[in-house]
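These are my notebook entries on one protein chain. I set out what I looked up, entry by entry.

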Amino acid sequence: MKGLRFKNINFILLGAAIFAFGLVNFNMQNNLAEGGFTGITLLLFFLFNIDPSYSNLVLNIPLFFVGWKLLGRTAFIYTILGVVSLSLFLWIFQRFPVNMPLRHDMTLAALFAGVFIGVGLGIIFRFGGTTGGVDIIARVVQKYIGWNMGKTMFLFDFIVISASLIYLSYREAMYTLVAVFVAARVIDFMQDGAYAAKGATIISNHNEAISDKIMKEMDRGVTILKGQGSFSKQDTNVLYCVVSKNEIFRLKQVITSVDPHAFVAVTDVHDVLGEGFTLDENKKPLER
């Protein structure tokens, strides 16, 4: 099973458990829909009382035969793990539900539904898994038709949520949109939030002194890039440095102490891999 990691498997299981808990205890208990294949399983549940733990498997099995060529072996195994574990946890949480009556406060129900689904899916995506369904369809459409995956997934979600109006009241439909929006934002945070940092682009006539001081006082690496002034046409060196969020104020102090007139552009860095962030000085993974 080369390429599979025990850590990834554990986190995919954790994400599936969180996702299933939110789906059962917030969406299903409060008559809220969802997009994608999850929305189809809820549609089948509310209209025909078909258990989502079974329909989720049945709907995804045909896609496994399509997806194994597109995903690659490791991603395909993680996808199977995500789908099967989601069905398992859906089955468990339906048999042992947590009674949280929130029909009198649908705002809370929608917010909690979005947070639990977003956190669960965010963890699954973060560690290389998917829950099958639309993700595989979107990859097929991208390959053979040329649509980007986001367009396909949005269109599919729109169709499923629109079809859910068969059993949703307009009030419940609007709260469903709130839950879907919150889930999307939480997924983005889970995907981009880990190891978030700040990147600084520095232009100065004292590049060497600035880079030496950053490396000496902050123990951070600095990359020298070759640049050219658009107006002056003169060649110049540009410094680039990535630091953690709580170090950006100290970095500005270091720069201005050498050159108060330096040009500094600070940007958000959503994911950082490498020494000082995910690896130590011996290139060993940092425990987080």
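**Entry 1: ground rules and overall make-up**

I take buried to mean under 20% relative accessible area, exposed over 50%, and partly exposed in between, with a 1.4 Å probe and protein chains only. By that rule 42% of the 288 residues of the protein count as buried.

The model is predicted, and I therefore note that local features need pLDDT of at least 70, that side-chain atom pairs count only at pLDDT 80 or more, and that totals for chains, interfaces and linings use all residues. Residues are numbered from 1 along each chain as its sequence is written, and side-chain values use heavy atoms, with hydrogens and water left out.

I took helices (H or I, at least four residues) and strands (E, at least two) as DSSP runs, numbered from the N terminus. I found 10 helices and 4 strands in the protein. Read from the N terminus on, their order is α-α-α-α-α-α-α-α-β-α-β-β-α-β.

For contacts I required heavy atoms within 4.5 Å. Of the contacts in the protein with a separation of 6 or more, 73% join residues 24 or more positions apart.

**Entry 2: helix α1 against helix α4**

I looked up how helix α1 (residues 6-28) lies against helix α4 (residues 73-95): their axes come within 8 Å and cross at roughly 40 degrees. The axes are lines fitted to C-alpha atoms, for helices over the stretch in contact, and the angles run from 0 to 180 degrees between N-to-C directions. That angle makes α1 oblique to α4, where under 35 degrees counts as roughly parallel, over 145 as roughly antiparallel, 65 to 115 as roughly perpendicular and the rest as oblique.

The crossing of α1 and α4 is right-handed; a crossing has that hand if the near helix is turned clockwise from the far one by less than a right angle, and is left-handed if anticlockwise. On the α1 side I noted residues including Ile12, Ala16, Phe19, Ala20 and Leu23, and on the α4 side residues including Leu81, Gly82, Ser85, Phe89 and Phe93. By class this contact of α1 with α4 has 17 nonpolar, 4 polar and no charged residues. Here Ala, Val, Leu, Ile, Met, Phe, Trp, Tyr, Cys and Pro count as nonpolar, Asp, Glu, Lys and Arg as charged, and the others, Gly among them, as polar.

**Entry 3: aromatic rings**

How many aromatic pairs does the whole structure hold? My search returned 11. Rings of Phe, Tyr and Trp (its six-membered ring) pair if their centres lie within 6.5 Å; planes under 30 degrees apart count as stacked, over 60 as edge-to-face and the rest as tilted.

Phe64 lies in helix α3 and Phe76 in helix α4, so the pair ties together parts 12 residues apart in sequence. Phe64 counts as buried at 12% relative accessibility, and Phe76 does at 16%.

Phe89 and Phe93 form a stacked pair, 6.2 Å centre to centre with 25 degrees between the planes. Both lie in helix α4, 4 residues apart, about one turn of the helix, and both are buried. I also recorded that Phe89 and Phe93 belong to one aromatic cluster with Phe21, Phe26, Phe112 and Phe116.

**Entry 4: Ser55 in helix α3**

Is Ser55 buried or exposed? Ser55 lies in helix α3 (residues 52-71) and counts as buried at 5% relative accessibility. Leaving aside neighbours within four places in sequence, I found Ser55 in contact with Thr41, Leu44 and Ile50.

**Entry 5: helix α9 against helix α10**

Helix α9 (residues 207-218) and helix α10 (residues 248-258) pack at an angle of about 140 degrees, with axes 9 Å apart. That makes α9 oblique to α10, and the crossing is right-handed. The residues of this contact of α9 with α10 divide into 8 nonpolar, 1 polar and 3 charged. Among them are Ile210, Lys213 and Glu217 in α9, and Arg250, Val254 and Ser257 in α10.

I then followed Ile210, which is buried with a relative accessible area of 0%. Apart from neighbours within four places in sequence, Ile210 is in contact with Ile202, Ser204, Leu239, Ile255, Val258 and Asp259. The C-alpha atoms of Ile210 and Val222, 12 residues apart along the chain, are separated by 9.4 Å.

**Entry 6: helix α6**

Which residues of helix α6 (residues 134-144) are buried? I listed Val134, Asp135, Ile136, Ala138 and Val141. Just after α6, Gly146 takes a positive phi of about 100 degrees.
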